[in-house]
Amino acid sequence: MGNSIINYKSSDIYGLIITFLFAFGSPFAARSLGNTYQRSYRLKQNNKRLETIIKQNERERIAKDLHDDLGQSFSLITLKAELADKLIDKNVTQARKEIKDIATTSRENLTLVRQIVSDLNRKSIAEAMIEEENHLKLVNIIQQSYNEKVSTTWPLEIQNVLAAIIKESSTNIIKYSKADTAIFDFNEDDKYYYLNIKDDGIGYKNVRKDSFGLSGMSQRLSDINGEITISSKQGTTLKIKIQKR
């Protein structure tokens, strides 16, 4: 009986100690958790602010380009139109010349506007990776990227094509793969730029030429001296290489 009393008292003491530690430890744990949440919130907030600043800087750059290039051209068109109106009754030949100049300037401006729109639609690899990471995260697929930094110096034309392929590949992974992880591996050597895209999903048995947007990817790559191969062993792997010029 004496031993049972001792054991009872010992267990009671342990219970008191645990209760004591929990009572005093809980506020610290809650505070630590709160601090972690606050840091995470501030980081997300700063990232959003940074995105806003980048977008604002880009808008200001575009506005400056439009003002400097198109503004000057439209001022010239206006002057020539006014001059042609004055010359129409006095010097028809000169008036016609001014009108032809107006037409030429207008065509050049149209080309410039199309170029600006084309540039706006271009995406860098970094932009595509950020967007697709968010899309993959929505379906609980983890994006892993290796050696991505090397791609920041690749030509913009190549980045634009690879950005489109990254988007297409991520869409396929989300739709068909049932994967947990999507891996993007970047590399280059003296002759080629490389991008391997792999998932750990269910893979496939047979693939048609037009499956998974493969024909579209192949066409984009052929335009920039690139090629793509696709295989399926424990998931699906796309191997892309683009010849350096």
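Author: Let's start with a term: a salt bridge is a side-chain nitrogen of Lys or Arg within 4 Å of a carboxyl oxygen of Asp or Glu. The structure above is a predicted model, in which local features need pLDDT of at least 70 and side-chain atom pairs count only at pLDDT 80 or more, while totals for chains, interfaces and linings use all residues. Residues are numbered from 1 along each chain as its sequence is written, and side-chain values use heavy atoms, leaving out hydrogens and water.

Reader: Thanks! How many salt bridges does that rule give?
Author: Side chains of opposite charge can pair when their charged atoms come close. Applied to this model, the rule gives a count of six.

Reader: Are Lys80 and Glu98 buried or exposed?
Author: These two side chains meet in a salt bridge, with 3.0 Å from N to O. The pair links distant parts of the chain, with Lys80 in helix α1 (residues 2-87) and Glu98 in helix α2 (residues 92-121), 18 residues apart. Buried means under 20% relative accessible area, exposed over 50% and partly exposed in between, with a 1.4 Å probe and protein chains only. By that scale, both Lys80 and Glu98 are buried.

Reader: How many residues apart are Glu188 and Lys244?
Author: Their side chains meet in a salt bridge of 2.5 Å, N to O. Glu188 belongs to strand β2 (residues 181-188) and Lys244 to the segment after β5 (236-243), so this pair links distant parts of the chain, and the separation is 56 residues.

Reader: How exposed is Glu188, as relative accessibility?
Author: Lys244 is partly exposed at 24%. Glu188 also counts as partly exposed, and its relative accessibility is 27%.

Reader: Now for the rings! How many aromatic pairs are there?
Author: Rings of Phe, Tyr and Trp (its six-membered ring) pair if their centres lie within 6.5 Å; planes under 30 degrees apart count as stacked, over 60 as edge-to-face and the rest as tilted. By this rule, the number of aromatic pairs is three.

Reader: How far apart in sequence are the parts that Trp154 and Tyr193 tie together?
Author: The two rings form a tilted pair, 4.9 Å centre to centre with 50° between the planes. Trp154 lies in the loop between β1 (142-146) and α4 (156-177), whereas Tyr193 is in strand β3 (residues 192-199), so the parts tied together are separated by 39 residues.

Reader: Which residues form the aromatic cluster?
Author: Trp154 is buried at 3% relative accessibility, and Tyr193 is buried too, at 11%. Both belong to one cluster, whose members are Trp154, Phe186 and Tyr193.

Reader: Which residue has its charged end over the ring of Tyr192?
Author: Tyr192 is partly exposed, with 22% relative accessibility. A charge sits over a ring if NZ of Lys or CZ of Arg is within 6 Å of the ring centre and within 35 degrees of the ring normal. Here the charged end is 4.6 Å from the centre, and the residue is Lys241.

Key:
Helix = DSSP H or I, 4+ residues; strand = E, 2+ residues; numbered from the N terminus.
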